[in-house]
Amino acid sequence: MNREELKNLLESVKNNEMNIEEALENLEDLPFKDLGFAMIDNHRELRVGYPEVIYCAGKTPEQIKEIVRFMLTKDNNILGTRATEEAYNAVKEICKEAEYNKLGKTITIKKKEQTLTDSYIAIISAGTSDLPVVEEAVETARLLGNRVERITDAGVAGIHRLFSKLDVIRGAKVVIVIAGMEGALASVIGGLVDKPVIAVPTSVGYGANFGGISALLSMLNSCASGVSVVNIDNGFGAAYNASIINKL
């Protein structure tokens, strides 16, 4: 339940369109629902503007299915990240509208129609190998109601590819840069745009990449002002923050 829905509920009671008992039934699961193995935070959208997202890694397919089963009763859009195909198949048993992004490992269920923002988030990847993180970021940003422009395989080894897309990048309200190896792309873009840049280091690279640590440190040490950094492979976190910025 978001602020607008709660306001409409209270207006219905005030205007005698709904009695108090019916209103209480709508509110009985606030602020959370205890499923025994999980406490679903039904108050989150009221507090922070977006409903709870399911982090599927470490959860069994049955646990994920039961979480989704309850969340479906609230008619919110639902996002699951780091989901296996097995988890998706379990969710599909109770929700035929569920969609799975195999590369990004996301489950999405759209229960509410959304009007996407006029402004957009540019999501740029250094290489094709970074696409799993790109897909997670794209699915997250879109489900949160944002228009997205995607640019892939535009890393520093062929910088002319990036320059051909500068008009799209500079037109964005916020830019997400996803790169592995040494992570240099974030600094390059940070020096070319006047918008916030959210850098996502990826675990793509040979041994000295240390599973993304080299890219992470490069991005943290960027000399380009306006570059902030999220955790390794965290396309979700980057898109969530970008959505907040895009809707300011």
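What follows is a set of questions and answers about the labels used for this model.

Q: What kind of model is this, and what pLDDT do local features need?
A: This is a predicted model in which local features need pLDDT of at least 70 and side-chain atom pairs count only at pLDDT 80 or more, while totals for chains, interfaces and linings use all residues. Residues are numbered from 1 along each chain as its sequence is written, and side-chain values use heavy atoms, with hydrogens and water left out.

Q: How many helices and strands does the chain have, and what makes a run count as one?
A: The chain has 11 helices and 11 strands.

Q: What makes a residue buried, and what share of the chain counts as buried?
A: Buried means under 20% relative accessible area, exposed means over 50%, and partly exposed is in between (1.4 Å probe, protein chains only). Of the 248 residues, 46% count as buried.

Q: Why is Thr 106 called buried?
A: Its relative accessible area is 0%, so Thr 106 is buried. Thr 106 sits in strand β6 (residues 106-109). Contact means heavy atoms within 4.5 Å, and, leaving aside neighbours within four places in sequence, Thr 106 is in contact with residues including Leu 79, Tyr 100, Glu 136 and Glu 139.

Q: Why is Ser 125 called buried, and which residues does Ser 125 touch?
A: Ser 125 has a relative accessible area of 0%, so the buried label applies. Ser 125 lies in strand β7 and, not counting residues up to four places away in sequence, touches Asp 130, Val 134, Thr 152 and Leu 185, among others. The C-alpha atoms of Ser 125 and Thr 152 are separated by 4.8 Å, though the two are 27 residues apart along the chain.

Q: Why is Ser 228 called partly exposed?
A: Ser 228 has 39% relative accessibility, so partly exposed is the label. Ser 228 is in strand β11, in contact with Val 197, Ile 198 and Ala 199 once neighbours within four places in sequence are left aside. Its C-alpha is separated by 5.0 Å from that of Ile 198, 30 residues apart along the chain.

Q: What makes a set of residues a nonpolar core, and which members touch the most others in the largest one?
A: A nonpolar core is a set of buried Ala, Val, Leu, Ile, Met, Phe, Trp, Tyr and Cys residues joined through side-chain atoms within 4.5 Å. The largest has 22 residues, and Ile 124, Ile 169, Val 175, Leu 185 and Ile 189 touch the most other members. Two or more residues come from each of β7 (120-125), α8 (166-170), β9 (174-179), α9 (185-190) and β10 (197-201). A second, separate core has 19 residues, including Cys 56, Ile 67, Ile 78 and Ile 109.

Q: What span is expected for α6, and what does the helix reach?
A: The expected span is 1.5 Å times one less than the number of residues. Helix α6 (residues 131-143) reaches 18 Å from its first C-alpha to its last, close to the 18 Å expected.

Q: Why are α4 and α5 called oblique?
A: Their axes (lines fitted to C-alpha atoms over the stretch in contact, with angles from 0 to 180 degrees between N-to-C directions) come within 8 Å and cross at roughly 40 degrees. Under 35 degrees counts as roughly parallel, over 145 as roughly antiparallel, 65 to 115 as roughly perpendicular and the rest as oblique. The pair is therefore oblique. Pro 61, Ile 64, Lys 65 and Val 68 in α4 meet Glu 86, Ala 87, Ala 90 and Val 91 in α5.

Q: What makes the phi of Arg 82 and of Phe 210 worth a look?
A: Most residues other than glycine have a negative phi. Arg 82 has a positive value near 55 degrees, and Phe 210 has one near 50 degrees. Arg 82 is in the loop between β4 (78-81) and α5, while Phe 210 is in the loop between β10 and α10. At 33% relative accessibility Arg 82 counts as partly exposed; at 58%, Phe 210 counts as exposed.

Methods: Helices (H or I, at least four residues) and strands (E, at least two) are DSSP runs, numbered from the N terminus.
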